[in-house]
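Hi,

Here is the structure I promised to pass on.

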Amino acid sequence: MAREFMLRYRGALAVAILINMMAGCDDVATVRNADFAGPVDLGDGRAIYMECRGTGTPTVVLVSGLGERADNWMRLPTPAPADGAVYPAVAGFSRVCAYDRPGTATDTATGFELSRSTQVQRLATVGDSAADLNLLLTASGEAGPYVLVGHSLGGPIIRLYAAHHPDNVAALVLNDGLSEDLGVGLTPEQITNFEKLNDPAAQGRPAGSENTFFSAAVVPLLRAARPPPRVPTIVLTADIWPVTAEAIATGAFPPFVTLAFSDALWASQLVAQDMMAAKLPGARHITTTHATHYIHIDNPGLVIGVIRGVVNDVRAVKSGPAPGG
């Protein structure tokens with residue numbers, strides 16, 4: 001039971017992390033005009049696995065959290081809600097794509113299914129991942145500007161992409177995105193312990209697993225980045241904290257995860273989400289989500305509705321006012 005709890009929540013904001021490998025790269029394509037699932041040649045000796053489905057503009061790009069493959073957007077809790085998973089639901093009203101970063105994996109009943117993208121020798125920072133996202137979207141032929149949806153570590157990735165490629169961004173959705181201000185109110189020791197929860201080496205995971213590099217990369221890169229463009233922007237914040245006294249008592253967490261540490265981390269997370277929303281031009285902050293960190297799994301209907309809303313906003317702007325209006 002303790003293992004199942006850890007696999008579900010991965011500490012506080014941590015998610016599954018494992019090594020990667022390249023698979024299926026014998027049939028590399030470059031332009032997507034229909035439903036597609038396979039490797040996209042980046043032109044630098046690497047390929048990134050991508051899945052796209054549906055039609056219409058703008059294209060919605062789903063960027064997963066730490067260590068998670070594209071199929072995290074296709075998961076549902078048990079019992080499954082009527083809304084369905086985010087990826088197929090969005091495909092019903094617009095084009096949608098998701099992809100595997102190197103170092104990601106999906107946990108299954110028979111073990112981990114590793115990333116279907118090319119293995120890399122050096123672990124990527126969020127800056128590297130934002131650069132890869134640009135390479136992928138360019139090589140894939142998927143038309144922009146894009147609605148970018150980032151969960152957890154995907155949040156900093158899409159913010160950095162937006163800072164460097166503002167003309168390619170139609171809207172942003174931060175799905176409990178990791179904030180550079182997480183740590184406000186925490187002691188240096190508590191910040192170190194937060195990073196341990198996300199460190200694959202500390203968890204005994206194999207070399208090559210994706211890491212947040214929170215203090216070393218996320219914080220300085222986001223603080224140095226220019227603000228993203230003023231586009232429809234939604235910040236979704238989890239309102240259910242799973243690291244309760246009962247959960248800690250199961251022994252699922254390392255010894256440093258005490259109730260005092262958990263309470264401090266949760267308080268810091270909520271403050272950091274407020275600070276992040278205030279930094280994003282014109283952002284709407286939704287704090288009643290009825291979900292844990294995995295809002296897209298716990299409450300997919302909310303995330304689907306938010307994405308549909310920003311897609312409609314982008315289409316309304318693109319179509320312009322009616323004649324004579």
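Rings of Phe, Tyr and Trp (its six-membered ring) pair if their centres lie within 6.5 Å; planes under 30 degrees apart count as stacked, over 60 as edge-to-face and the rest as tilted. On that basis, searching the whole structure turns up three aromatic pairs. One of them is edge-to-face: phenylalanine 194 and phenylalanine 214, with ring centres 5.4 Å apart and planes at 80 degrees. Phenylalanine 194 sits in helix H5 and phenylalanine 214 in helix H6, so this pair ties together parts 20 residues apart in sequence. (Helices, H or I, at least four residues, and strands, E, at least two, are DSSP runs numbered from the N terminus.)

Phenylalanine 194 is buried at 3% relative accessible area, and phenylalanine 214 is buried at 2%. Buried is under 20% relative accessible area, exposed over 50%, and partly exposed in between (1.4 Å probe, protein chains only).

Another edge-to-face pair is phenylalanine 256 with phenylalanine 261, at 6.0 Å centre to centre and 90 degrees between the planes. Here phenylalanine 256 is partly exposed at 21%, whereas phenylalanine 261 is buried at 4%.

Back to H6 (residues 214-224): its buried residues are Phe214, Ala217, Val218, Val219 and Leu222. They pack against helix H3 (126-140), helix H4 (154-164) and helix H5 (188-197), where contact means heavy atoms within 4.5 Å.

Some housekeeping: this is a predicted model, so local features need pLDDT of at least 70 and side-chain atom pairs 80 or more, while totals for chains, interfaces and linings use all residues. Residues are numbered from 1 along each chain as its sequence is written, and side-chain values use heavy atoms, leaving out hydrogens and water.

Cheers
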